[in-house]
Amino acid sequence: GFTPLIKYNTSKAYMGEYATGTLETCLLYLLGFLIYLVNAVALSCPGGGWFGDVISGMEPGGKRTGWIFVSVVCQILYLGWNVHCITSPVSNPMRPLEERRPWKKGEFATVGASSSSE
C-alpha cells in the first residue's frame, strides 16, 4: 500500500531531518486520500471490475444482499486499515543511512552477504 510509505516518509520520528516538509506532507496525504478514494470507488462501482460488476448483474434477493454486505465489509476494512496506518505512531527510528542492514542466515536479502556461516 501507499499509505505506509506516506506515513514513514512524513514522520520526523522515523526519517529525522530527511522527513518531508509541510507542503510535501500535505500533498502526499492528499494524494494518498485520492488513491484511496479511486480504489474504494472502483471496488464497488460497476465497471471497476470487482463487487460492482458482480452485484449489478444480479437479480434482487438474498445472494445480491450477501454480496452487498461483503462489499461494505471490505470497504470498512480498507478504510480502517488506511486510518490505522495514518494514526499509528512510528515506534522505531530509521537505522542510520551509513549502517548496513544486519544479515541473518536464511533471510531473503543475500546480495553482498558473505558466504561464510555465521
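Reader: In what order do the elements of the protein run from the N terminus on?

Author: They run α-α-α-α-α. This is a predicted model. Its secondary structure comes to five helices and zero strands.

Reader: What radius of gyration does the protein have, and what would a compact globule of 118 residues have?

Author: The protein has 21 Å, whereas a compact globule of 118 residues would have a value near 13 Å. Along the principal axes, the C-alpha atoms fill a box of roughly 65 × 40 × 20 Å.

Reader: What share of the 118 residues counts as buried?

Author: The share is 19%. To count as buried, a residue needs a relative accessible area under 20%. The accessible surface of the protein comes to about 8800 Å². Carbon and sulfur atoms account for 66% of that surface.

Reader: What makes isoleucine 6 buried?

Author: The cut-off for buried is under 20% relative accessible area. Isoleucine 6 has 4%, so it is buried. Isoleucine 6 sits in helix H1. Leaving out residues up to four places away in sequence, it touches Leu28, Tyr29 and Gly32.

Reader: Which other residues of helix H1 are buried?

Author: H1 covers residues 3-10, and Thr3, Lys7 and Thr10 are buried there along with Ile6.

Reader: How do you know that the buried residues of H1 line one face of the helix?

Author: Look down the axis of H1. The buried residues fall within an arc of 100 degrees, so they line one face. What covers them includes helix H2 (12-15), helix H3 (22-44) and helix H5 (62-87).

Reader: Why is asparagine 82 called buried?

Author: Its relative accessible area is 8%. The limit is under 20%, so asparagine 82 is buried. Asparagine 82 is found in helix H5. It touches Thr3 and Tyr36, not counting residues up to four places away in sequence. Thr3 is itself among the buried residues of H1.

Reader: Why is leucine 34 called partly exposed?

Author: Partly exposed lies between the buried limit of 20% and the exposed limit of 50%. Leucine 34 has a relative accessible area of 41%, so it is partly exposed. Leucine 34 is found in helix H3.

Reader: What makes serine 91 exposed?

Author: Exposed means over 50% relative accessible area. Serine 91 has 66%, so it counts as exposed. Serine 91 is in the segment after H5.

Reader: How far apart are serine 91 and tyrosine 14, in sequence and in space?

Author: They are 77 residues apart in sequence and 8.2 Å apart in space, C-alpha to C-alpha.

Reader: What share of contacts joins residues at least 24 apart?

Author: The share is 43%, among contacts between residues at least 6 apart in sequence.

Reader: How far apart are the mean positions of the positive and negative charges?

Author: They are 6 Å apart. The protein has 9 positive and 8 negative charges.

Methods: Residues are numbered from 1 along each chain as its sequence is written. This is a predicted model: local features need pLDDT of at least 70, side-chain atom pairs count only at pLDDT 80 or more; totals for chains, interfaces and linings use all residues. Side-chain values use heavy atoms; hydrogens and water are left out. Helices (H or I, at least four residues) and strands (E, at least two) are DSSP runs, numbered from the N terminus. The radius of gyration is taken over C-alpha atoms; the globule rule is 2.2 Å times the number of residues to the power 0.38. Buried means under 20% relative accessible area, exposed over 50%, partly exposed in between (1.4 Å probe, protein chains only). Contact means heavy atoms within 4.5 Å. Accessible areas come from the Shrake-Rupley method with a 1.4 Å probe; for residues, only the protein chains shown count as cover. Lys and Arg count as positive and Asp and Glu as negative; His and the chain ends are not counted. The place of a charge is taken as NZ of Lys, CZ of Arg, CG of Asp or CD of Glu. The arc is that of the directions from the helix axis to the C-beta atoms.
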